[in-house]
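Here are my notes on the model below. Please read them with the coordinates open.

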Amino acid sequence: MLNGEEKRDINFFGRTFNYKPSGANTGIHELASELATIEKRISYPTTTILNTKLEISLQLIGFLNSKKMINILLKYQEVN
């Protein structure tokens, strides 16, 4: 899980992502922006599934309880 306002740098597969302030006590982490942007908008919460090449394969907006998550992952596994 990633907090969109995380302030520490995160290294992810050779790239460093940083927090970008946008005002007094506001901002967004670059990694959250990469993973949660859908059609040029960031939505929280967003679940992002990456493929084996670490490309975004699926993004789901909104809270997912464990039952929904399991069903989505099982369907995703069947398709891929």
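1. His29 sits in strand S4 (residues 26-29). Helices (H or I, at least four residues) and strands (E, at least two) are DSSP runs, numbered from the N terminus. The model is predicted: local features need pLDDT of at least 70, side-chain atom pairs count only at pLDDT 80 or more, and totals for chains, interfaces and linings use all residues. Residues are numbered from 1 along each chain as its sequence is written, and side-chain values use heavy atoms, with hydrogens and water left out.

2. Is His29 buried or exposed? His29 counts as buried because its relative accessibility is 0%. Buried means under 20% relative accessible area, exposed over 50%, partly exposed in between (1.4 Å probe, protein chains only).

3. What does the His29 side chain reach? The backbone nitrogen of Leu31, at 3.2 Å. A polar atom of the His29 side chain also lies 2.9 Å from the backbone oxygen of Arg8. Leaving aside residues up to four places away in sequence, His29 touches several residues, including Asn3, Glu6, Phe17 and Tyr19. Contact here means heavy atoms within 4.5 Å.

4. Strands S7 (residues 46-50) and S8 (residues 56-61) run antiparallel, joined by five bridges. Pairing requires at least two DSSP bridges between two strands. Leu50 stands opposite Ile56 in S8. The hairpin has five residues between the strands, and Leu54 takes a positive phi near 60°.

5. Asn65 caps the N-terminal end of H2, with a side-chain oxygen 3.1 Å from the backbone nitrogen of Lys67.

Key: Polar contact = N/O pair within 3.5 Å; in protein donor to acceptor, adjacent residues only side chain to side chain.
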